[in-house]
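Q: Could you show me how to read the pockets and the nonpolar core of a protein model?

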Amino acid sequence: MGVKNIYASPIFKSMPGSTHGYDAVNPYQLNPEIRSAEQFRQIIEQLSSEKICWLQDIVPHHMAFHPQNEWLMDVLEKSKRSAWAYLFDIDWNSHFYNGKLMVPFLGNPVNDVLEKNELQVGYKNRRIIVKYFDAAYPLSPESYKTVLEVIEERVPHFLRQLLVQIQQILQTEDNDLFYNRWEEFLLQLSSLYQGTRGM
């Protein structure tokens with residue numbers, strides 16, 4: 001047929017069920033729903049033997065706003081302190097939001113959503129999250145203090161120390177130290193959570 005080139009849309013890990021790949025969630029991983037790395041190598045070798053070139057579209061600026069986008073979730077959790085914050089075009093100095101992110105994931109006005117109980121606080125993958133139907137987003141470290149203070153009224157004996165730790169973590173200026181302390185805190189919280197489930 002005289003084919004000399006094959007053009008491929010992005011092949012990086014994308015939103016589940018993606019049919020085009022322009023909704024990537026991790027540009028360092030191949031999409032396991034398409035093929036494995038070894039299968040891609042076999043395809044390229046076969047094309048090369050037929051003198052057919054593979055033209056790959058990568059669109060590095062396309063990423064999905066999705067809970068499986070770990071970089072985005074880290075930024076939503078840690079704000080400017082995230083190791084991935086520099087990858088996103090965010091106006092941290094906006095006078096409208098005072099350094100906070102406005103995330104448009106609600107389908108209705110916030111008062112309607114709250115009235116219908118469509119926003120839920122939960123716990124998943126070692127983190128306190130806010131759930132909106134099937135989507136889940138991480139809370140900021142500052143919000144943990146609010147949530148744990150509410151819980152503390154019912155189970156005060158082992159949460160007081162965690163509340164003290166959060167305050168210390170929030171005052172940590174060095175980002176690397178902040179990251180390490182936050183991960184340690186999440187491990188402790190996970191251990192306590194597993195312990196309470198067994199009670």
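A: Happy to! This is a predicted model, and its largest pocket holds about 910 Å³ of space.

Q: What classes of residue make up the lining of the largest pocket?

A: Count them by class: 20 are nonpolar, 4 polar and 5 charged.

Q: What volume does the second largest pocket have?

A: Its volume is about 480 Å³. Pro67, Glu70, Met73, Asn125 and Arg127 are the closest to its centre, out of 16 lining residues. Two or more lining residues come from each of α2, β6 (127-132) and β7, and α2 gives the most, with 5 residues. By class, the lining of the second largest pocket has 5 nonpolar, 2 polar and 9 charged residues.

Q: Now the core: which residues have the most contacts inside the largest one?

A: First the general idea: in soluble globular proteins, nonpolar side chains tend to be buried together. In this model, the largest nonpolar core has 21 residues, and Tyr144, Leu148, Phe185 and Leu189 have the most contacts inside it. Elements giving two or more residues to this core are α2, β6, β7, α4, α5 (160-170) and α6 (175-197). The largest share, 5 residues, comes from α6.

Q: What does Leu189 touch?

A: Leaving out residues up to four places away in sequence, Leu189 touches Tyr123, Ile128, Tyr144, Leu148 and Leu162.

Conventions
Residues are numbered from 1 along each chain as its sequence is written. This is a predicted model: local features need pLDDT of at least 70, side-chain atom pairs count only at pLDDT 80 or more; totals for chains, interfaces and linings use all residues. Side-chain values use heavy atoms; hydrogens and water are left out. On a 1 Å grid over the protein atoms alone, a cavity is a set of points where a 1.4 Å probe fits but cannot get out, and a pocket is an open set with protein on both sides within 12 Å along at least five of seven lines; lining residues have an atom within 4 Å of a point. Grid points are joined across faces, edges and corners, and a volume is the space filled by probe spheres set on the points. Ala, Val, Leu, Ile, Met, Phe, Trp, Tyr, Cys and Pro count as nonpolar, Asp, Glu, Lys and Arg as charged, and the others, Gly among them, as polar. Helices (H or I, at least four residues) and strands (E, at least two) are DSSP runs, numbered from the N terminus. A nonpolar core is a set of buried Ala, Val, Leu, Ile, Met, Phe, Trp, Tyr and Cys residues joined through side-chain atoms within 4.5 Å. Buried means under 20% relative accessible area, exposed over 50%, partly exposed in between (1.4 Å probe, protein chains only). Contact means heavy atoms within 4.5 Å.
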